[in-house]
Amino acid sequence: MLDLTKLAGQMPALGQHFRQEATAGYQRLERAKELFFQAQQHQPHLLNTLTEWGDRLFFAVARPLEPLDTRVVIGEAQVNHSVFATDGSQIAPSHHEIAYCYLLNIGRVMLHYGQNLHPLLDSVPEVYFRPEDLYASRRWGIRTEEWLGHRRTVLEAERLAALACRWVSPPGAHSDPNLAMVDGSLIYWFLESLPQEARNQILDPILAAWETLRQARIPLVSYISAPRSVESINLLRLQACPHESPNCVSHCEGCQAEERKTPCQIFDPLRDSSLWQEFLAPGERGPIWSSNARILEAYAPAQRVCFCYIHGGSEVARVEFPAWLLEDSELLNQSLAIVLSQIEKGFGYPVALAEAHNQAVVRGGDRRRFFALLEQQLIKTGLRSVGPSYKEARKRNTVV
């Protein structure tokens, strides 16, 4: 039990710390804004520098595809449109439970606007218990608990493509604007550290699902609330570099080895969203960027990730989408309009994503019912010694 009386004595020091951080944050923001205005004047030079020296930088820098001072008012979504979303949750395996297995639960949402059609809000659970599900990943040094998270990402993409492309009410072609949405980044940074074979098992089915959406001309976007990315603000580090050429390998390798800040990190740890909060008005988007994350080299060219920041009224969020959407500006603009409409309907967060999360989340009662159902099935098969470990049983019931 948390002792709030003892905790209260630490609050004054904590408050003082946050006041100091707020002051330092304001100073960092002012430095970044000054560099931003300079970068607007030198954008062509910075892009040439990024092309020439990008492979020798210690940090990822996104490439702006529009002028840095781009501000676009997002239009209104068409009355008739549909939004599809998925999200996932899980019950992790535990040796202290009745059986060593795990469950993935994928929430599905299909919302139709202006079409007089019923929505779909449900979840699809799946239990994994076979040895190939539980132990195959260990040959790559990947724990089962980590692997199930990767498998959940695959299922979310596959179920989203199936939901958006194969729904049959009304039957026949569906020409109204559609939008497929997911929560979180489309850039799967975690795959960089995986062996190639393991990476392929995760990435290949995801990209196949995205290709299904592309063939159906259904835009895919991801929404990132409170983004912590620094991909766009890192462009300002090129502007701040004191060296004639931004060759991190030659000039700043010592800083990297000694874990010191490099000379260009004069506004670290400022985030992209903090900077764009200063320039975007509600209902506007900033310039479109192309991510240069290393993992994107494994993506098909049409599926490389682009992004922009939009001001939804309550926050500045990052919206990502595959590169093929850039080929159809009307479809891209309509997609962003639907995203903004979803934010308004959800009072600050896309309603389809919120509902998909609510359908997917596994609560404490769900977990207990799952293991109770599993216990019943094991007893029916003739097993007698069925139950959690003594440690787990004691944690659930106190004797004090």
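Buried residues have under 20% relative accessible area, exposed residues over 50%, and partly exposed residues lie in between, for a 1.4 Å probe and protein chains only. The model is predicted, so local features need pLDDT of at least 70 and side-chain atom pairs count only at pLDDT 80 or more, while totals for chains, interfaces and linings use all residues. Residues are numbered from 1 along each chain as its sequence is written, and side-chain values use heavy atoms, with hydrogens and water left out.

View 1. Helices (H or I, at least four residues) and strands (E, at least two) are DSSP runs, numbered from the N terminus.

**View 2. The aromatic pairs of F37 with F36 and F279.** Rings of Phe, Tyr and Trp (its six-membered ring) pair if their centres lie within 6.5 Å, and planes under 30 degrees apart count as stacked, over 60 as edge-to-face and the rest as tilted. F36 and F37 are edge-to-face, at 6.2 Å centre to centre and 75 degrees between the planes. F36 is buried, with a relative accessible area of 2%, whereas F37 is partly exposed at 43%. F37 also pairs edge-to-face with F279, at 5.7 Å and 80 degrees, linking helix α2 to helix α10 across 242 residues.
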